[in-house]
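Dear colleague,

Please find the structure below, followed by an account of what was found in it. I would be grateful if you read the two side by side.

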Amino acid sequence: MIPYGRQDISEEDIAAVEKVLRSDFLTQGPIVPEFEQAIADYCQASFAVAVNSATSALHIACLAAGVGPEDTVWTVPNTFVASANCARYCGAKVDFIDIDQQTGNLSIHALSEKLKRAAQNNNFPKVIIPVHFGGASCDMKAIHELASPHNIQIIEDASHAIGGKYEGHPVGKCEYSEMTVFSFHPVKIITSAEGGMITTNNAAMAKRLTELRSHGITRAPEDLPESAEPWYYEQQSLGFNYRMTELQAALGLSQLQRLDEFVTKRNEIASFYRAQFENTQIGYLKLEEQVYSSYHLFVIQVDKAIRRALFEELRANDIGVNVHYIPVHFQPDFRQFGFNRGDFPNAEHYYDQAITLPLHPNLTHEEQKYVVEQVIKHTENLSS
Ligand SMILES: *Cc1c(COP(=O)(O)O)cnc(C)c1O
């Protein structure tokens, strides 16, 4: 089976992890801060805080933004459940903004309409979480312009998008957001096995995130009584153990050296796919002009009447296709909040037509050609 995504592990990656195993620190050593600084530099952000997953990152990012039981968080239905669950971990309500059919990303029109309704009822969300679907940044400037008059904070879920660019600047720069979250799960662009990172330009938020990932404990002299003993620390709020290990950081740091190479390769494969599907009945998501995608995913769109059969044919022919995403509001655990089919028609319509093709840096040209040939052949057979 040709997998839809796969990590690329080099001898250098292995050596970096082995070096940590032979060192004094498996956790809370020097490599996590080094990885954080390298990500902050890459993203041109002031701070980066490493955690054990993007799910944890989203949770403490919401807490650092002050999300609590009185609040509402908006995200999109076309995402992994973690983008919405983070609000629920804080006791907050979740609501969704429909997507744009062309890009699969948050629809600026839908956001603008939803904000007008929120203004009538004075129930603005505390936080909006745009998701950079497949590695393509949302229109952050437009989102920021709509959100900032109402003091709505923005947390970018860039789990797919490290190495991507918006208006020529790296995703994670937080020009139009408070924080940006990355995932280093093995199917994502670079991996630390499990792992996540939050970038921000806000020093107070970075400090809060650092406390929250480690039990809410502070050892900073300025936060402790002047007479504090040398061993003294304080838990000043409730936090978690969301720390990244040194092994994970070493792998992530080593992978970061190849990030641009990975993203270039992913873009080459995506261009090949696009060129092959142009002028066929197979649709694919479009990129906005100001966006350079990291191409975590390549999604094709076919008639909903043949989607399932095509999916099954491709799997039967050893092509590890997938579907991203089942709209989050379809999940049984979200129905308790009163969501129904039909609530977010664009995300639902998009979902009915979507198939994710294999895309990773080591996909050979033969494999790419085989995928294209099989997709076209079975789509034609099923449509006739
Ligand atoms: C993968 C993913 C997450 C969760 O990442 P983990 O590191 O596995 O916790 C969150 N949001 C989106 C959009 C993702 O794709």
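**Findings**

Of the contacts in the chain with a separation of 6 or more, 73% are between residues 24 or more positions apart, where contact means heavy atoms within 4.5 Å. The model is a predicted one, in which local features need pLDDT of at least 70 and side-chain atom pairs count only at pLDDT 80 or more, while totals for chains, interfaces and linings use all residues. Residues are numbered from 1 along each chain as its sequence is written, and side-chain values use heavy atoms, with hydrogens and water left out.

**The chain as a whole**

The secondary structure comes to 13 helices and 15 strands; these are DSSP runs numbered from the N terminus, helices being H or I with at least four residues and strands E with at least two. The radius of gyration is 21 Å, close to the 21 Å that the globule rule gives for 384 residues, so the chain is as compact as a globular protein of that length. That radius is taken over C-alpha atoms, and the globule rule is 2.2 Å times the number of residues to the power 0.38. Along its principal axes, the C-alpha trace spans about 80 × 60 × 35 Å.

Of the 384 residues, 54% count as buried. Buried means under 20% relative accessible area, exposed means over 50%, and partly exposed lies in between (1.4 Å probe, protein chains only). The accessible surface of the chain comes to about 16900 Å², and 48% of this belongs to carbon and sulfur atoms. Such areas come from the Shrake-Rupley method with a 1.4 Å probe; for residues, only the protein chains shown count as cover.

**Two sheets**

Strands of a sheet pair through backbone hydrogen bonds, either parallel or antiparallel. Here, two strands are taken to pair if DSSP finds at least two bridges between them.

Two bridges join strand β6 (residues 165-166) to β13, and the two run antiparallel. Lys165 stands opposite Tyr292 in β13.

**Salt bridges**

A salt bridge is a side-chain nitrogen of Lys or Arg within 4 Å of a carboxyl oxygen of Asp or Glu. By this rule, the count comes to 13.

One of them links Asp333 and Arg88, with the closest N and O atoms 3.0 Å apart. Asp333 lies in helix α11 (residues 332-335) and Arg88 in helix α4 (residues 82-89), so the pair ties together parts that are 245 residues apart in sequence. Asp333 is partly exposed at 43% relative accessible area, and Arg88 is partly exposed at 24%.

Glu312 and Arg308 also meet in a salt bridge (2.9 Å, N to O). Both lie in helix α10 (residues 304-316), four residues apart, about one turn of the helix. Glu312 is partly exposed at 41% relative accessibility, whereas Arg308 is exposed at 62%.

**Two individual residues**

Thr379 is placed in helix α13 (residues 365-383) and counts as buried, at 1% relative accessibility. Leaving aside residues up to four places away in sequence, Thr379 touches Gln281, Ile282, Val302, Ile306 and Leu310.

Leu21 is placed in helix α1 (residues 11-21) and is exposed, with a relative accessible area of 53%. The C-alpha atoms of Leu21 and Glu246 are separated by 8.8 Å, although the two are 225 residues apart along the chain. Not counting residues up to four places away in sequence, Leu21 touches Leu26 and Leu247.

With kind regards
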